[in-house]
Structure formats: C-alpha cells, structure tokens
Amino acid sequence: MSTYDPTSLEGVPQAGRERLEQNKRGLFTSDLSVSEFLLVKEAGFEPLGLVVGSSIFHIGFQQSNWSKSQEMTVLSEAMYTARELAMTRMEEEADQLGADGVVGVRLDIGRYEWGENMAEFIAIGTAIRHRDGELHRAPNGRPFTSDLSGQDFWTLLQSGHRPVGMVLGSCVYHVAHRGMFKAMRQAGQNVELPNFTQALYDARELAMERMQAEAQELQAEGIVGVQLREHSHGWGSHVIEFFAVGTAIVPHGDGRQIQAPTPVLDLS
Amino acid sequence: MGLLDSLRGGNGQDDDEADRRRAEDVARVESGSIPLAAERRMRELAASTTGFTSGLSVADFALCREAGVRPVAQVMGSSVYQVGWQSYPWSTGWQTRGTGFELETVSQAWNRARALALGRLTEEAELAGCHAVVDVAFTGRRHAFLGGEIEIVVNGTAVVLDGERPTDKPILTDLSMSDFLLLRRAGYDPVGVVTATSVLYVVPGYATQRLTGGWQRFQPNQELTDNTEGLYAARELALGRANDEAWRNGATAVVGVALDQHIATREVDQTGSGKREDLIVTFHVIGTGIVQRGEHRRLEPEIQPVVRQGAPT
C-alpha cells in the first residue's frame, strides 16, 4: 500500500493548488446532483470540494503460458497499485480541505493511443466534512471513501452505519487455451468446459477474496454495493481483469434504525 | 497489503503446488462442484459473526436490518459451456404457412449450463448456511476468447432470516431484497427461482417471404404473420417450461418474471426463387415461484402515492 501523508501535495499542479485554496476559503465545487447535495447537508455534512487523484502507470509485461491458466501477478499488482495510488492522492487532496471523507467516488481507467502499455487511473469524488466535527474517519486515520451516492450515504447513516472505505480487489488472469486434440474429441457436443469454468471462477474468487481482506483490515462490519466488473485492457482476449469494488461499513450511533417503511406508489 | 502479500506469497511462486491445486479444482468443477478457493471463502464468511459481503444497495441493506434479515455473503456460480453442433432444419420454403423448429441442442446447452451455474450458486449458499439467496441475476457472457461457447454467471446475496430454524436447502429468488421483504410481509414465501430457455428456428412461409424480399417489399403496411407466430411459439415454449418447473417445485404462482429475447436472422439460398431470411429466436425466462403461507395480509400502513422530486436515483 502506498504511504499516506496528509500534508502531501505531490503531483498537484499550481492550478490545482489554487483551486484547493479557493475551496478552503469556502467556495465548493462538486459533482453532486441537487438531491444528493441536499441529503448530504441533511446528514450533517458540508461539501467542501471536488477532489481528484490520478496516476499514469506503466503496466509491465508478463509472458503467459499458452496452455496454463494462471494469475498474471505482474499485471494484477500494476492494476492494484495504480488504483491505490490514485485513491491515496485523492484522499490527500481531501485532507488538504480538512475533510472527513469523500463520497460519490468514481474509479476510471483512461487509455490513450500514445501510450500502449500505459493507463491513467483516476479517482474523483466530493470531499465532505461533518458540521459538528464528529469523527468519521477510517480507523487508519485517512478520510473515509465511498462510491455511494448522496442518497445512499444519507440512508446508510440513518440506518446506524457509516462507510469507512472503498474496498477493492483485482485479479488479472490468463485463461488457458484449449488443447487442439481435446477440442477435436469434443467437437459438436454439448459439454461443459471445466478448464474455462475453473479459470474464470478462480479469478473471480481471488478478486472477491482480496476485497474482503481489505474490508477486514478496516475492521468493517460488512461490504455493501459490491460490483464485479470484467475488463480486457488490451492484453489479448485470454487475459482478463476481474475487479471487485464495494463500500465497507461499520456500525455508528447506538442502534439507530430507519423508520418502518411505508409502501408508496411512484407516480412520476 | 493483503493483495501484495498474497501475490508474493502463495500464487505463482510454488509452481508445482499451484498446478496441483489447479488440477484439483478442475476435477471438482468436472464433477459439478465449486473450486476449493470458493469453498474456503464461503466457510470463512459463514464462520465469522461480523463480516459479510453483499451486492445489496444501501436502501436494501437498511431495509433488511429493519425486517430482521441478515446478509451473509455474496454468492456466485458460473459455467462455461460448449454448444454442440446444431443442424439447421431444411425446408423448401414453399409452404404457405411459416414453420418453427426448436433448435434442441442449443436450447439444451443453455438450460444445462444454467443448471450447472445455479447448482454451484446453491452449493455456495449451502456452505454459507443461509436461508435464502435474493437478487439472483444471470449474466450470459461471451468472452472474446470464446468461440461458440457460452459463459453463464449467476450472482446473488445469501441472507439469514432471524428466528427461523437453520435449513440445508436455501431458497433462491430473483426478487430484490425490498420485493422479497414485501412479499413475506404480505404472507407469501418464495419456493425457488424458475428459469427456462427456448431457441426456435422459424422458416417464414411464401407470403411473408414475398413481403420481406424483392420489389414487393414496397407494398403497404402489413403484419408479417409468420414471424409473429414464430415469436409467439418460442415465448410460449419458454414460459410453458418455466411454469412446469414452478409447478413441480410446488409453487402456486410465479412473480417477477423477466423475459429476455434475441432474434438473429439467417439467410438461405433458395434455388430458383432467390434468398429467404429465416429467424433464430432465443427466449430466456426467469422468475420466482411463490406459495401462500396462511392468509393474505394487507399492507400496513396504507399505501401512499408519491410524486418523486429531483433527479431519479
């Protein structure tokens, strides 16, 4: 994990520093929608500003074995480290604004024609601070992060939980090619392909397990809103990244409960 | 740290060990079971009293706590399946009415692959020691590296119902958590997810062929009855299968039915009369079978109509 320095402005250009200064003086920018903005306020938080972290990362090379299903550890590590870097930088920016956390975090990957083995990892979110200074940070002292919308954030707090951090797990996996003889023997039949099933299954499990490990580190009660995504980042069709992301939550406030829900008929 | 440690530690370093493990996993998959890593993950989640994973939205999560339902784990099953060789039915195309033939190999491939994936999801759910799996959703994928093969991935969130006796037969449903809770509140129990696929090959009759090809396609608006009938037949076939399955499981109704349809066309050369376009219609059905538990209970408090303001969530 990259080291975290709350005072670091590493890599933030002059214009960005000025923007942060301006945000500190009270003007905030955010990509929250109107309802999100109002609900974040309702939850007792003030939006402080849009915070960004990015990292252009050179992704190393690893030779895959044609006939072997295996994790591409070099690539897994690159994808993980680069995202972690982008997230850390975003958290540092948030810290500059004195934020308790960041909501509505989006993680994007940009690829450019001019850099074949490169990818830009971007994390964007809105930094927020609690009005009465209740401590809402993650146990490791960083601002909390979450990919929850303003509405979800409010609902979560109402139900007696709070987000502690976005948790990620990633696994880049090479799926073995099928042997020609085997393919010929099975030609024209309805059969399951256990090698493919096992490889894709294994890769997904690895990604989910790593996400869980991150949540355990944050002493989370659980993870909500898990998304499993699959990408092939131009490594050829047999090399696939499995990426699991969700928001780790902890109990907060003593046994708060939402009101008994009222069934409604949506007329809009 | 978790990731980097595990990268340096177990995986890839000890190649023989990894190979042995992989071979074992493949053997497990061949017998219709789940890989070792999956079993380990489920056992860990089932044993821990605090940690859970879930694909639940925050609203659903808040709701389930209120209703005494506890998420345990996100469960998954998948299968990569090779669709066998399928011959297309031969037809002169001279008949007046359209004809439909089921492409049985393809239908079977979908149904078996899904059964395998669902079986694995069920196995994970059993290991998690849950009562039900909600939000069961299928994604059929075609990875770039697969040719004619299909991959079916099925996901859901395993939940424990407070105050119910432990069971070794968790119930699957494609309903969302809020729907699941609402249904239970009203006095119904899901009995399981029902799914079916039909793949139908439709050869249009002469009249429809004339309307879709050649200069006659400039004729006024008309229904292409043979194609319509083909679509109907495929849908009825799939729905009928889903109904049969629900009935066998003891369900008295099926709710939350989602239909997914694909239509592909295949051009066929006809000696003497040019080309005709046949249809390949694929229908997937998923729904949840339910039974009534005692009396139907009215929703309390009364339903309130609302108009949503602001941006949709």
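This is a short tour of a two-chain model, stop by stop, with something to select at each one.

**Before you click**

The model is predicted, so local features are described only where pLDDT is at least 70, side-chain atom pairs count only at pLDDT 80 or more, and totals for chains, interfaces and linings use all residues. Residues are numbered from 1 along each chain as its sequence is written, while chains are lettered from A and ligands numbered from 1 in the order in which they are written.

**Stop 1: colour chain A by confidence**

pLDDT is the predictor's confidence in each residue, from 0 to 100. Chain A averages 86, and 98% of its residues score at least 70. Within chain A, look for strand β10 (residues 264-266), where confidence is lowest at a mean of 73, and then strand β5 (residues 144-145), where it is highest at 94.

**Stop 2: the chain A sheet**

Select β2, β6, β9 and β8 of chain A. In that order they form an open sheet of 4 strands with antiparallel pairing. Two strands pair if DSSP finds at least two bridges between them. At the edges are β2 (70-71) and β8 (222-231), each pairing on one side only.

Now zoom in on β6 (residues 161-174) and β9 (residues 239-251) of chain A, which run antiparallel and are joined by 13 bridges. For a landmark, H161(A) sits opposite P251(A) in β9(A). Helix α3 (residues 73-96) of chain A packs on this sheet, touching β2, β6 and β9, and its direction makes about 155° with that of β6(A). Contact means that the C-beta atoms of two residues, placed from the backbone, lie within 7 Å. Angles run from 0 to 180 degrees between N-to-C directions, with axes fitted to C-alpha atoms, for helices over the stretch in contact.

**Stop 3**

Select Q219(A), in the loop between α6 (194-217) and β8 of chain A. Its phi is near 55°, a positive value in a residue other than glycine. Q219(A) has 14 C-beta neighbours inside 10 Å and counts as partly exposed. The cut-offs, with C-beta atoms placed from the backbone: 20 or more other C-beta atoms within 10 Å is buried, 12 or fewer is exposed, and in between is partly exposed.

**Stop 4: where the chains meet**

Show both chains: 64 residues of chain B are in contact with 69 residues of chain A. On the chain B side, β1 (69-82) gives the most, with 8 residues. By class, that side has 34 nonpolar, 20 polar and 10 charged residues. Here Ala, Val, Leu, Ile, Met, Phe, Trp, Tyr, Cys and Pro count as nonpolar, Asp, Glu, Lys and Arg as charged, and the others, Gly among them, as polar.

Strand pairing crosses between the chains too: 2 bridges join β7 (residues 191-192) of chain A to β1(B), and the two run antiparallel. Find V191(A) opposite Q82(B).

**Stop 5: follow β1 into chain B**

Chain B has 8 helices and 9 strands, and buried residues make up 40% of its 313 residues. Within chain B, β1(B) is joined to β4(B) by 12 bridges, running antiparallel, with S78(B) opposite V153(B). How many of the 12 residues of β4 (residues 150-161) of chain B are buried? It is 11, so the strand is largely enclosed by the rest of the structure.

While you are here, select D135(B) in strand β3 (residues 132-141) of chain B. Its phi is near 60°, a positive value in a residue other than glycine, and D135(B) counts as buried with 22 C-beta neighbours inside 10 Å.

**Stop 6: the chain B sheet and its helices**

Select β2, β6, β8 and β7 of chain B, an open antiparallel sheet of 4 strands in that order. β2 (99-102) and β7 (253-270) stand at the edges with a single partner strand each, so one side of each is left without a neighbour in the sheet. The twist averages 25° from one strand to the next. β7(B) and β8 (residues 274-292) of chain B pair over 16 bridges, with A264(B) opposite I280(B).
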